[in-house]
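I open this notebook to record what I looked up in the structure shown below.

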Amino acid sequence: MANEKVDVVIVGAGASGSTYAAVLAMAGKKVVVLEQGPDWQLSDLISSDFWGRRVKPAGAPFLLEGKNPVSYGYQGGWGVGGAALHYFANFPRLLPNDFRIKSEHNRAHDWPISYQDVAPYYDKVARDIGVSGDAKAEEIWRPAGDAYPMPPMKTFRNGEIWLKGFESVGIRMVPAAVGMNSTEYKGRPACIYDGWCHVGCPIGALANPLVTYLGDARKAGAEVRPWSNVTRVLTNAQGTKVTGVEYYDQKKERQVQEASVVVLAAWAAQNPRLLLNSSTDRHPKGLANTNGLVGKYMMTHFSSGTLAIFDENVENHMGTTGAQYMSYERYGKTAHKGAFGSSFIVAGTALKTSDLGGFANARLDLFGPELAAFMKRAARGFSRIGAFGEEMPNIENRIELAGDKDEFGMPLGRIIHSYDDDVPKLWEANFAEGLAVAKAAGAKEMWSGRGNIPTIHLMGGTIMGTGAENSVVNSYGQTHEIPNLYMAGPGIFSTSGASNPTYTIFALSLRGAEQLATKWSTVAG
Amino acid sequence: MRPPYANFYRAALGAVDLASAALNGGRAFAQLGEGEQRSLVDSMRQNKVEGWQGPAGPFVYLLLRSDAVDVVYGTMEGYAGLGIPYMPHIAPTKRW
């Protein structure tokens, strides 16, 4: 039986799709959200890194190529809530300098909007879903805005111990802005600081989509269909409008969901894969891709972790997976001499033993009895700080369709990614400064978390710009080519900044969704 | 690496045994003494096993090490052994 046509079909139930679903359902639109993975409940979020693997990416793999292949085991999601079901909820925002790199440094490109265009949405998201922090303290680096609705989170010794080290190198640390409850908020309880955020917070103290926008969307009548694997966006015969999507349901049967508007809010790599796979005679290179920019300018963050053991019990199991303290002190694009790009600094992270963030990974060279001895010492005195770095957009970093196909006959996606020469310089500069901080903080042992340069937070691929000559979408996420096709998520970022992206994802999604609701008749008509 | 992941594990464990047999007179990894096992793992970690066949040694090391860490240190028993409060919101009823 054919599905009844709806106003809007949203592909992906993560941070961006949930925000669109909430705004549009509350505006009275009939909304269907198609989610590739399962329909998680809070009670599924078991406090265990083993069990937490269930909410990490599954499904068709991406083929990973280039000098610095993208690692996505941790930054993606699987099922309702998406990656935001297990994110750390660090909520730094982009700063004004992120929006005008071209104008100020003749590098990369400017965004088509300014910080001031996004700022009201940062404030609105904070009120909607709950953010704890100290906005006044942040305003040494950014324009003033609203206060956060909750005071900063508690701090613990594993964060506090670093403060004198930062002070000694001239880095001011302020309470981290986080999407977590320091107090009860909108009926959701306050955080209990047991550090299991990264496998999902089942009490709803952390603002995951289930307890925020997706919950609002469902209350307003949005339908969420899990196990719905979207393969193509469909268009009318003239190719001037999208008409819905093709997907495969849990029984692996083909379905079509017609809609007046389509919002692609899947992972940043999956959205271009879908556009490229939706080619027609009218759109032979894929939808919204006449200019060939779909899938281009993929960007990631990299982090320079400084690891240390202190000669005291720092209670590193206490707190949240997000940060207790943050700093934009090195956020200027030329803050580090000889390097280019922003750095965003965090300190004070609750640690578990295993999985990506576990302290067993602090010494990957150790195994057997040596690892056992290290684990004993680290359980008492280990802590770490980190600096996220910004990668400049490069058109060669891209998504393509591969020859191999998934179980639904859809070509696999290939992510090709290589860092340019700026990245190792910034990476090294942050390592050097991190060691200076650790030394001044009185660490007994300290070392840099080296290995391959990491790739975290995938962004780009459907970037925003001033027109079809330089981008795929406008600042609202609306594609230049097909007015009733929207893109959502970090794929629309023009540049990456160095801040964790999800706060900006929420803010831009809210901005795009409100514009869509306001201009509904001209977009969907 | 592409699913099904069982294929990778079979290839990885096969490579370990193949290297073990070549270096230790035909004995599989499980038949080695502790010192011999550690020596092989250390060489595999650094990609220093001559004639290694199969998935890259350092990658095999990282993956098997991650799983072993989960099993030994990532469980409630593992936390207890290190004296760390586990503090679950929802405790796992099974280890995995």
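How many residues line the second largest pocket, and which lie nearest its centre? I find 21 lining residues, with A:Phe367, A:Gly368, B:Val41, B:Arg65 and B:Ala68 nearest the centre. A pocket here is an open set of points on a 1 Å grid over the protein atoms alone where a 1.4 Å probe fits, with protein on both sides within 12 Å along at least five of seven lines, and lining residues have an atom within 4 Å of a point.

I note that this is a predicted model, in which local features need pLDDT of at least 70, side-chain atom pairs count only at pLDDT 80 or more, and totals for chains, interfaces and linings use all residues. Residues are numbered from 1 along each chain as its sequence is written, chains are lettered from A and ligands numbered from 1 in the order in which they are written, and side-chain values use heavy atoms, with hydrogens and water left out.

I next looked up where the lining comes from. Helix 3 of chain B gives the largest share, 7 residues (helices are DSSP runs, H or I, of at least four residues, numbered from the N terminus). By class, I read 15 nonpolar, 2 polar and 4 charged residues in the lining (Ala, Val, Leu, Ile, Met, Phe, Trp, Tyr, Cys and Pro count as nonpolar, Asp, Glu, Lys and Arg as charged, and the others, Gly among them, as polar).

I then turned to helix contacts. In chain B, B:Val41, B:Met44 and B:Arg45 of helix 2 meet B:Gly57, B:Pro58, B:Val60 and B:Tyr61 of helix 3, contact meaning heavy atoms within 4.5 Å. This contact of helix 2 with helix 3 of chain B has 5 nonpolar, 1 polar and 1 charged residues. The two helices, residues 34-45 and 57-73 of chain B, pack at about 115° with axes 7 Å apart; axes are lines fitted to C-alpha atoms over the stretch in contact, and angles run from 0 to 180 degrees between N-to-C directions.
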